[in-house]
Amino acid sequence: MSQVTLRTYLGVGYALILSSIDESCSASSCPTDTSTGGALAIWPGAALIWSTNGLSLGADVRYVAVLGSSYQNAPAAFATAGLRF
């Protein structure tokens, strides 16, 4: 017998942000400007899972939003699979 499950969720956590920018390189060296930081992040999402006879297949989609930043946000999609025995 097949079963379809839709699971919604909301994740909360800390986003570590690391960025580096290569400046113009000379013949002997290539200096890099690096910065680090962090912010609170939330990621609302949903998982759709289809299960039958010990096999499950699904998809998981979410949107990661780093609070206080407009360019760090991103959608994400994942495929899932599993066996029950």
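Author: Buried here means under 20% relative accessible area. This is a predicted model. By that cut-off, 16% of the chain's 85 residues count as buried.

Reader: Okay. How many helices and strands are there in the chain?

Author: Zero helices and four strands. Along the sequence the pattern reads β-β-β-β.

Reader: What about contacts between residues at least 6 apart in sequence? What share joins residues at least 24 apart?

Author: The share is 49%.

Reader: And the accessible surface of the chain? How much of it belongs to carbon and sulfur atoms?

Author: The accessible surface is about 6400 Å². Carbon and sulfur atoms account for 61% of that.

Reader: In what sense do S3 and S4 pair?

Author: Antiparallel, over ten bridges. One example to look at is Val61, whose bridge partner in S4 is Ala77.

Reader: Switching to charges. How many salt bridges does a search of the whole structure find?

Author: One. The side chains of Asp60 and Arg62 form a salt bridge, at 3.0 Å from N to O.

Reader: Are those two buried or exposed? Start with Asp60.

Author: Asp60 has a relative accessible area of 12%, so it counts as buried. Arg62 is at 25%, so it counts as partly exposed.

Reader: Where is Asp60, and which side chain does it make a polar contact with?

Author: Asp60 sits in strand S3. Its side chain makes a polar contact with the side chain of Tyr9, at 2.5 Å.

Reader: Which residues is Asp60 in contact with, leaving aside neighbours within four places in sequence?

Author: Tyr9, Ala46, Ala47, Ala76, Ala77 and Phe78. Ala77 is also the S4 bridge partner of Val61.

Reader: Ala47 is on that list. Where does it sit?

Author: In strand S2. Ala47 is at 10% relative accessibility, and the cut-off for buried is under 20%, so Ala47 counts as buried.

Reader: What does Ala47 touch, leaving aside neighbours within four places?

Author: Ala47 is in contact with Thr5, Leu6, Arg7, Tyr9, Ala59 and Asp60. Tyr9 is among the contacts of Asp60 as well.

Reader: How far apart are Ala47 and Arg62?

Author: In sequence, 15 residues. In space, 8.7 Å from C-alpha to C-alpha.

Reader: Now the outside. Which residues form the nonpolar patch on the surface?

Author: Val4, Leu6, Leu48, Trp50, Leu55, Leu57, Leu83 and Phe85. Together they have about 910 Å² of accessible area.

Reader: Which strands each supply at least two residues of that patch?

Author: S1, S2 and S3. Strand S1 runs over residues 2-22.

Reader: And Phe85? Where is it, and is it buried or exposed?

Author: Phe85 is in the segment after S4. It is at 94% relative accessibility, so it counts as exposed.

Reader: Next, the loop between S2 and S3. Which residue there has a positive phi?

Author: Asn53 lies in that loop, with S2 at 32-52 and S3 at 55-66. Its phi is near 45 degrees, a positive value in a residue other than glycine.

Reader: Is Asn53 buried or exposed?

Author: Its relative accessible area is 72%, so Asn53 is exposed.

Reader: And Thr52, buried or exposed?

Author: Thr52 has a relative accessible area of 16%, so it is buried. Thr52 belongs to strand S2. Not counting residues up to four places away, it touches Met1 and Ser2.

Reader: Last one. Where is Ile17, and how accessible is it?

Author: Ile17 is in strand S1.

Reader: What is Ile17 in contact with, neighbours within four places aside?

Author: Ser35, Thr36, Gly37, Gly38, Val66 and Gln72.

Reader: How far is Ile17 from Ala39?

Author: They are 22 residues apart along the chain. Their C-alpha atoms are separated by 7.9 Å.

Conventions:
Residues numbered from 1 in each chain as written. Predicted model: local features only at pLDDT ≥ 70, side-chain atom pairs only at ≥ 80, totals over all residues. Heavy atoms only, no water. Buried < 20%, exposed > 50% of the residue type's maximum accessible area, 1.4 Å probe, protein only. Contact = heavy atoms within 4.5 Å. Areas by Shrake-Rupley, 256 points an atom, 1.4 Å probe, with all protein chains shown as cover. Pairing = 2+ DSSP bridges. Patch = residues over 30% accessible without salt bridge, like charges linked within 9 Å, V, L, I, M, F, W, Y side chains within 5 Å. Salt bridge = Lys/Arg side-chain N within 4 Å of Asp/Glu carboxyl O. Polar contact = N/O pair within 3.5 Å; in protein donor to acceptor, adjacent residues only side chain to side chain.
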